[in-house]
Amino acid sequence: MSGKSFSVWLNNEYLPNHPEYSWVKEVSSKSVKHSIECGCTAFTRFFKHQSAFPNYKKKGKSDVKMYFVKNNPKDCFCERHRINIPTLGWVRIKEKGYIPTTKDGYIIKSGSVSIKADKFYVSVLVEIPEAQIANNSNDGIGIDLGLKDFAIVSNGKTYKNINKSARLKKLEKQLIREQRCLSRKYENLKKGEVTQRANIQKQKLKVQKLHHKIDNVRTDYINKTIAEIVKTKPSYMTIEDLNVKGMMKNRHLSKAVASQKFYEFRAKLQSKCNENGIELRVVARWYPSSKMCHRCGCIKRDLKLSDRIYRCECGYVEDRDFNAALNLRDAITYEVA
Ligand SMILES: [Zn+2]
């Protein structure tokens, strides 16, 4: 059954005969439609073997979302400090000035409210006039992504691995401590000792908040990295098509890879490139960016991961990752993403 026919069946057959579910009608009909569409996508993906069987959202477990759509011209107004959400009315925003306001001519088409670690977030889809594409006349750059350093750019800049920063190490340590405390509370409960359920809930929230904070630090870092790279106005950027899925299967690497957010980096880089008229070139996985000498082009097949310095017989000596970034920049076979 398609999402559309399910919607028809729900409205015409099921709900009239099941008055106990009439609360479905209390929210905006477009929100219901959106939920059905989401369910439809989830099942379609499941039947195509692209993802696992869909499971229900649960309060406190998933970032439960509430969708809203602009129904009439009076909906979805946004001012500097508040937003008008259909069926909810005016809602005050804690972080002011983040959402483009109606006054400046922006139109909010739809949005969603989500909850993460006891905090509510609103995200909106806004229609904005197409931006003028800047003239990017500077040279292209190559970006080599890695686990030791996050990104090595052919213009000489290196972006360190944020997970090695003192700040994140401290947060991780704190997280481990709070997690241990939480599991101890659960164990006590199992043993039948007196532990207040409310205290478990409190501890759970503490852990959630720490997870959220760590995640924010990492996201912020990739946002800043991208912003800085884009600011140099290159005419193109070349990156390697990383096999993130394959790397995740290696359990020695999976945590390190996941925490670096390569996938998010790639997606955000792509959208920033589109916005700024920069060509994003992606070279295939088998391209020997690390194994090739940038000066003479010969390929060193026996290059080990531990070889941090690239030494070629032609006398060329360079940092391994910088050599890779240069090779990426000058790659001639690539796909434009
Ligand atoms: Zn060489």
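In which loop is the place of Asp118? Asp118 sits in the loop between β4 (107-116) and β5 (119-127), in what is a predicted model, and its phi is positive at about 70 degrees although the residue is not a glycine.

**Overall build**
- The protein chain is made up of 8 helices and 13 strands, and its C-alpha trace spans about 80 × 60 × 45 Å along the principal axes.
- Of the 337 residues in the protein chain, 31% count as buried, while the accessible surface comes to about 22600 Å², with 54% of that area belonging to carbon and sulfur atoms.
- Where contacts in the protein chain link residues at least 6 apart in sequence, 57% of them join residues at least 24 apart.

**Charge**
- The protein chain carries 65 positive and 35 negative charges, whose mean positions lie 7 Å apart.
- A patch of positive charge on the surface brings together Arg80, Arg92, Lys94, Lys96, Lys119, Arg167, Lys170, Lys209 and Lys213; the elements giving two or more residues to this positive patch are α3 (166-191) and α4 (197-231).
- Arg80, one of the patch residues, is found in the loop between β1 (65-69) and β2 (82-85), and Arg80 counts as exposed because its relative accessibility of 53% is over 50%.

**Backbone geometry at His49**
- His49, which is not a glycine, has a positive phi of about 60 degrees, and its place is in the loop between α2 (29-47) and β1.
- The relative accessibility of His49 is 75%, so His49 counts as exposed.

Definitions and conventions
Residues numbered from 1 in each chain as written. Predicted model: local features only at pLDDT ≥ 70, side-chain atom pairs only at ≥ 80, totals over all residues. Heavy atoms only, no water. Patch = residues over 30% accessible without salt bridge, like charges linked within 9 Å, V, L, I, M, F, W, Y side chains within 5 Å. Areas by Shrake-Rupley, 256 points an atom, 1.4 Å probe, with all protein chains shown as cover. Salt bridge = Lys/Arg side-chain N within 4 Å of Asp/Glu carboxyl O. Lys, Arg positive; Asp, Glu negative; His and termini not counted. Charge placed at Lys NZ, Arg CZ, Asp CG, Glu CD. Helix = DSSP H or I, 4+ residues; strand = E, 2+ residues; numbered from the N terminus. Buried < 20%, exposed > 50% of the residue type's maximum accessible area, 1.4 Å probe, protein only. Contact = heavy atoms within 4.5 Å.
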